Structures are given as C-alpha cells and as structure tokens.
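Have the model open as you read.

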Amino acid sequence: VMYNVKVTKDNASSTWTTGTPYYWPTGKKLTFFAWYPYNSKNLTIPKDNNVKDTKLFYEIPEQVADQEDFMMANSYDVSETSSVPIWFRHMLTAVKFKTSNNIPACTVKSIALKGVKYRGYHNWQAHGSSILPWDLDADTRDFTLNFPEGKKVAENTETELTGEGETFFMMPQTLSDDVKIEVVLNDGTADFTVGASIGGTKWEMGKTYTYHISYNF
C-alpha cells in the first residue's frame, strides 16, 4: 500500500500527513513500519517487493557531527482508521562526556571511543510489541570528537564537553575488553593523553550514558 513514504507536519499542533492521499483497502488490516530520519544516508531499507522483510541495515558514520538520533516505530494489524497510532523508539545509545569536579584547570582537545562495533541490522517482528536486539557485525571502528579551539575547563568544575551536535550516537552493545576512552588535554604547557577501558559494560538501546573525566597532573 505504501513504501518509503515521507510523512511530515507543518507545525507542532498539526497532524502528520503524506504528500499525496492513500486509501485504506476495504476490510483489510494494515501493519506500519516507520523510521526517522527519512532518507538517512546511514540506513539501508528493504526492497519494496519484499514487504515481509523489515530488516533495516544501519551504520554509524565516522564523524560525530554526522551521527543522528535514529528512531524506529511500528503498529501491527490496524483496522481502518483516520489516524494510526505509532510510537517511535530510540534505537541507538547516546554517549556524553563531562569533567569531574576534581579536575585541574586545563583545555580538552579531543575525546575518542576506540574499538566500538558500529554497524548491523535490526528486524522488527511480524507481530507483537517487544523489541529485538540489533544483530551487529564484528567489525569495530574508532570515533574521535575533536575540539579545534579546545574546550577550556576551570579547576574543580563539572563542565559539559559534548554540547549540541557533539553527542556520540552508538550501536547498543556489550563492550569488549578492547573498548576504551582516550582524552587529549593540555595543562597550559603540554598535551597529555589519558584513557581508561570501559570493556564489560553494556550500552542499552534508548539510554544515555555520561562519562566523567578526571586527571591529576
């Protein structure tokens, strides 16, 4: 009935609509699958002639600025109605960073996540509302957020390092022992690299994790 159709709304109070009208097949129930953002360059969708295959392939872009809050939604076996209820779920894990309140005055120059799985597929079930986990490839990638001007941190203050457009959006996963955080900072005289393993921890779908950075020169 519909395939890869963009749905938009004019403002916060208006309803979501398609560019052209679609008509409900008489006496039929329909199942809807949706995703956001539309036409994401990081997403590969099923072919339109295979409507039972809801497998979507997704890859986290290497540049943090290009990463996005990817969402999916479904609504099963809906009888004819003028408005279909669809509940979107956050499918990735958001990772943020801030300094601890015991850090010396310094300038943070970059933050890196190393050895992280970054691509795989998700398949909605044919029926039901439970969410299946991602099926991830074994390949890993390093992700680095650079601060060209540096982020200045006052002594003993908690400072948010990942502002707007700087959140890491990662694949949900249980992190291997090889996954670590590396931070490059400067105390006014030289650059220092500090790091720690975060292996063995789990990033869950739809959750935000904030790591606190501290260092004693």
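Is Tyr58 buried or exposed? Tyr58 counts as buried because its relative accessibility is 2%; buried means under 20% relative accessible area, exposed over 50%, and partly exposed in between (1.4 Å probe, protein chains only). This is a predicted model, where local features need pLDDT of at least 70, side-chain atom pairs count only at pLDDT 80 or more, and totals for chains, interfaces and linings use all residues. Residues are numbered from 1 along each chain as its sequence is written, and side-chain values use heavy atoms, leaving out hydrogens and water.

**An aromatic cluster**
- Tyr58, Phe70 and Trp134 form one aromatic cluster; rings of Phe, Tyr and Trp (its six-membered ring) pair if their centres lie within 6.5 Å, and planes under 30 degrees apart count as stacked, over 60 as edge-to-face and the rest as tilted.
- The structure holds 8 aromatic pairs.
- One of them is Tyr58 with Trp134, which is tilted because the ring centres are 6.4 Å apart and the planes are at 50 degrees.
- Tyr58 is in strand β5 (residues 55-59) and Trp134 in the loop between β10 (119-123) and β11 (135-136), 76 residues apart; strands (E, at least two residues) are DSSP runs, numbered from the N terminus.
- Trp134 is buried, with a relative accessible area of 9%.
- Phe70 is buried too, at 0%.

**Charges over rings**
- The charged end of Lys55 sits over the ring of Tyr121, 4.2 Å from its centre; this requires NZ of Lys or CZ of Arg within 6 Å of the ring centre and within 35 degrees of the ring normal.
- Arg141 lies over the face of Tyr118, 4.1 Å from the ring centre.

Note on methods. Helix = DSSP H or I, 4+ residues; strand = E, 2+ residues; numbered from the N terminus.
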